[in-house]
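Please have a look at this structure with me. We will begin at a loop, move on to helices, and end with charged pairs.

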Amino acid sequence: MRVNAMSPSTDRRPFGGRRRTLIAGTLGALGLIAAMASPLPANAAESTLGAAAAQSGRYFGTAIASGRLGDSAYTTIAAREFNMVTAENEMKIDATEPNRGQFNFSQGDRVYNWAVQNGKRVRGHTLAWHAQQPGWMQSLSGSSLRQAMIDHINGVMSHYRGKIYSWDVVNEAFADGNSGGRRDSNLQRTGNDWIEVAFRTARNADSSAKLCYNDYNIENWSWAKTQGVYNMVRDFKQRGVPIDCVGFQSHFNSGSPYNSNFRTTLQSFAALGVDVQITELDIQGASPTTYAAVVNDCLAVPRCNGITVWGVRDQDSWRSGDTPLLFSGSNKKPAYTAVLNALNGGTSTTPPPGDGGDEGTIKGVASGRCVDVPNASTSDGTAVNLWDCNGNSNQQWTLTSAGELRVYGNKCLDAGGSSNGAVIQIYSCWGGDNQKWNVNSNGTITGVQSGLCLDAVGQGTGNGTRLQLYSCWGGDNQKWTYTS
């Protein structure tokens, strides 16, 4: 449908009240945890899109192009307004593997690093797609192409392991029109199981990232293409194929207009047990009414993690002639105000750990004991351990928007290395990736630098058990809950 359009998902807010939840989502960019909705307090009104979305545990993101990061007007808006980033083209197949087996992450890393340095999470886009394949991949077929797809997924996800909130694993695999069937692509011709293989490969490559199927023209519940994707997702969930989310590109225009049954679509997919994400939103003419309706549809579905608009300003859009975005130059358009008002008046899901809000304890699932700084030490290099929960300040951790776990306000949970057995200690916060953590939907906490799990040494459960980094294997000694 286009060359430069692809996809996004969730946010964080301060802890509130007394609640106990399994830590889920991504720390420093935390995701939706629960599905209980309650009204926002009347005074909860934020002045930026990302902060307003975060009130309900969601994100509001944008697509970023590396070539525009030198434009200060562009980066000023992007840094201020959004809290999720999708690389517009820089993580696609032709950009990341221009020659077979030779990966190039320079531009993808440029977008990723800008996002992280500005306190934002990142969606990965995209791993398996019939378009924007490099010439060497286009020349392959059959088993050779299938293996190339597998190798590509492994290569890219290995590079970004533990760093990406969600991946668009497969993109645009269904045909337009009324068939409800698959697109006739070179990947489809490798065998009808290629999508399943892509998702299973992705899960093995990075257990911490949400795995999404992403497509356009699947927003209207009555359309055959929508039903085709729905049937695939239902089948995958029934058979245990690892799919976590569905991305709805939402390029609304005169040929594919917004329909009020979009909410039914989101609810129906969510009922299958997957998250839903609006991944590439742009609306021809930027109707404030339509933008607000889309936001309200997401807010009405607890499993709708968030919304990404496909570009910052009209001039940055792949559909610039349609003026489809929220900014014209540096000016906020009426659609911006409509979106902000909708986000500020939305519903709230039970919030995840957040940006310097309430403190809480981190408790081991296996042990029932808390992450503890021995003897309430404040010295850099003090190794943390498990200890009976007592509510004291040396067991009170704050999760920040930068992805840090802070104790005493100025000391960070710090990995003293990046390999198995590396000690977990406290250290003065300085912003390094060894002090940033991803909190995952399966209850694990992984280091941004290492991709390894926070682990109770020797599967220990007793007082004094030290913590370390270790390869994630699914044990309860690597799972944690947060109690505020």
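**A walk from loop to salt bridges**

Let us start with Ala-422, which sits in the loop between strand S20 (411-415) and strand S21 (424-428). Helices (H or I, at least four residues) and strands (E, at least two) are DSSP runs, numbered from the N terminus. A word on the source: this is a predicted model, in which local features need pLDDT of at least 70 and side-chain atom pairs count only at pLDDT 80 or more, while totals for chains, interfaces and linings use all residues. Residues are numbered from 1 along each chain as its sequence is written, and side-chain values use heavy atoms, with hydrogens and water left out.

Is Ala-422 buried or exposed? With a relative accessible area of 8%, Ala-422 is buried; the term means under 20% relative accessible area, with exposed being over 50% and partly exposed in between (1.4 Å probe, protein chains only). Leaving aside residues up to four places away in sequence, Ala-422 touches Gly-416, Gly-417, Leu-467, Gln-468 and Leu-469, where contact means heavy atoms within 4.5 Å. Take Gln-468: in sequence Ala-422 and Gln-468 are 46 residues apart, yet their C-alpha atoms are 5.4 Å apart in space.

Now to the helices. Helix H11 (residues 334-344) is mostly covered, with 8 of its 11 residues buried. These buried residues are Ala-335, Tyr-336, Ala-338, Val-339, Leu-340, Ala-342, Leu-343 and Asn-344. What do they pack against? Their partners are helix H1 (49-54), strand S3 (59-64), helix H2 (72-81), helix H10 (288-299), strand S12 (327-328) and strand S13 (331-332).

Two packed helices are described by the angle between their axes and the distance between the axes. For helix H8 (residues 224-239) and helix H9 (residues 262-270), the axes come within 10 Å and cross at roughly 15°. Axes here are lines fitted to C-alpha atoms, for helices over the stretch in contact, and angles run from 0 to 180 degrees between N-to-C directions. That angle makes H8 roughly parallel to H9, a label for angles under 35 degrees. The contact is made by Thr-226, Val-229, Tyr-230 and Val-233 of H8 together with Thr-265, Ser-268 and Phe-269 of H9.

Finally, the charged pairs. Side chains of opposite charge can pair when their charged atoms come close. A salt bridge is a side-chain nitrogen of Lys or Arg within 4 Å of a carboxyl oxygen of Asp or Glu, and by this rule the count comes to 23 salt bridges. Asp-275 takes part in a salt bridge with Lys-210 (2.6 Å, N to O). This pair links distant parts of the chain, Asp-275 being in strand S10 (residues 275-283) and Lys-210 in strand S7 (residues 210-215), 65 residues apart. Asp-275 counts as buried at 6% relative accessibility, and Lys-210 counts as buried at 11%.

Asp-275 also meets Arg-303 in a salt bridge (2.8 Å, N to O). Arg-303 lies in the loop between H10 and strand S11 (304-309) and Asp-275 in strand S10, so this pair ties together parts that are 28 residues apart in sequence. At 31% relative accessibility, Arg-303 counts as partly exposed. Elsewhere, Glu-404 forms a salt bridge with Arg-406, their closest N and O atoms being 2.8 Å apart. Glu-404 is buried, at a relative accessible area of 6%, whereas Arg-406 is partly exposed, at 25%. To finish, you can look for a network of salt bridges that links Arg-68, Asp-71, Glu-88, Arg-313 and Asp-316.

How values were computed. Angles under 35 degrees count as roughly parallel, over 145 as roughly antiparallel, 65 to 115 as roughly perpendicular and the rest as oblique.
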